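Subject: Structure handover

Hello,

Here is the structure for you to look over. My notes on what turned up follow directly below.

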Amino acid sequence: SVSEVRQVMDQSNMDLGNTVIQLTGVTDQDSSTDVMLRMRNLSSDETKAVSEKRSGTSLGGAEVKRTESVGAVIGSEVTKNAVTSLAVAFIALAAYISFRFEYKIAISALISIVHDLIMVLGVFSFFHLEIDATFLAAILTVVGYSMNEAVVIFDRVRENTRTHRRTDTYEKLAHDSISQSIHRSIYTLSTVLFACGALILRRDSTKNFSLVMLIGFISGAYSSICVDTSIWVVWKNHTSNRRGLKASDDESEEEEESAETQKG
């Protein structure tokens, strides 16, 4: 029970009276098979001493399952590893998609991934949720899922480019491609949502990890349909319009030169 754990913490003589004690796992109203403790940042010797104290006979030989330290140093390391990992992932994905499709599709897909990451960070920031090392693993999973969704749709776009009429607009090409692949996206999203939902309900240690994937997968399915394809269509139309204007200018210059030649 909380009172039993509190008594052990008070007897540790390490100024741990303000430790937050939270019952987890299989619980009833007053006791639980698992407990989570949040305390001040401890040194390695203090951590060892507290672990031995909690594992003694006072709590029935309780087992310490996991110990995590969250501080300024750990936070900077997590941030550095996150930025490095995301940079490597973005470069690799951009190179792959540029090779398989074109650079416009690669940049559009990366923008949609940034949109997904902002959605995840926004939710965690709004609800003041904890960001730890597992958050990075979940973020990289979201990046992979979002990129996979984008590749599926743009692969259909590439196939339809060969079969559609040359007079079809990019809007129609993107619309038809999304219509042909949207059922697959819905089925995939439904499957992963069941898995993430089960993880959220299972244990406290996986809740934030599962929540990141839950938000990221929903945002990834949305962005692959509505964001990256829209960016690609606007970009392609802009490029086509510039080429059309340039061609018109070239034709006008040729006509003027021909008229001047005939006049001379």
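The count comes to six aromatic pairs. The rule: rings of Phe, Tyr and Trp (its six-membered ring) pair if their centres lie within 6.5 Å, and planes under 30 degrees apart are stacked, over 60 edge-to-face, the rest tilted. One of the pairs is Phe 124 with Phe 135, edge-to-face, at 5.2 Å centre to centre and 65 degrees between the planes. This pair links distant parts of the chain, eleven residues apart: Phe 124 is in helix α4, Phe 135 in helix α5 (residues 133-163). Both Phe 124 and Phe 135 are buried. Here buried means under 20% relative accessible area, exposed over 50%, and partly exposed in between (1.4 Å probe, protein chains only).

Tyr 170 and Trp 232 also form an edge-to-face pair, with 5.7 Å centre to centre and 80 degrees between the planes. Tyr 170 lies in helix α6 (residues 170-202) and Trp 232 in helix α8 (residues 228-263), so the pair ties together parts 62 residues apart in sequence. Tyr 170 is partly exposed, at 27% relative accessible area. Trp 232 is buried, at 4%. Ring pairs also join Phe 154 with Tyr 170 and Trp 232 in a cluster.

Before the rest, two notes on the source. This is a predicted model: local features need pLDDT of at least 70, side-chain atom pairs count only at pLDDT 80 or more, and totals for chains, interfaces and linings use all residues. Residues are numbered from 1 along each chain as its sequence is written, and side-chain values use heavy atoms, with hydrogens and water left out.

Now the overall layout. The chain has eight helices and two strands. From the N terminus the order is α-β-β-α-α-α-α-α-α-α. Helices (H or I, at least four residues) and strands (E, at least two) are DSSP runs, numbered from the N terminus. Of the 264 residues in the chain, 32% are buried.

Back to α4, which covers residues 103-126. Its 24 residues reach 34 Å from first C-alpha to last, close to the 34 Å expected at 1.5 Å a residue. That expected span is 1.5 Å times one less than the number of residues. Buried residues in α4 include Ile 105, Leu 110, Ile 113, Leu 117 and Val 120. Ile 111, also in α4, counts as partly exposed at 40% relative accessibility. Just after the helix, His 128 takes a positive phi of about 55 degrees.

Which residues make the nonpolar surface patch of about 270 Å²? They are Tyr 103, Ile 107 and Ile 111.

Helix α7 (residues 207-226) should span 28 Å for its 20 residues, and its end C-alpha atoms are 28 Å apart, which agrees. Its buried residues include Val 212, Met 213, Ile 215, Phe 217 and Ile 225.

On cysteines: the whole structure has zero disulfides (a pair of cysteine sulfur atoms within 2.5 Å). Cys 196 is buried, with a relative accessible area of 3%. Cys 226 is partly exposed, at 37%.

Last, the strand side. Thr 33 lies in strand β2 (residues 32-38). Thr 33 is exposed, with a relative accessible area of 58%. Its C-alpha is 8.0 Å from that of Leu 23, ten residues apart along the chain.

Best wishes

Methods: Patch = residues over 30% accessible without salt bridge, like charges linked within 9 Å, V, L, I, M, F, W, Y side chains within 5 Å. Areas by Shrake-Rupley, 256 points an atom, 1.4 Å probe, with all protein chains shown as cover. Salt bridge = Lys/Arg side-chain N within 4 Å of Asp/Glu carboxyl O.
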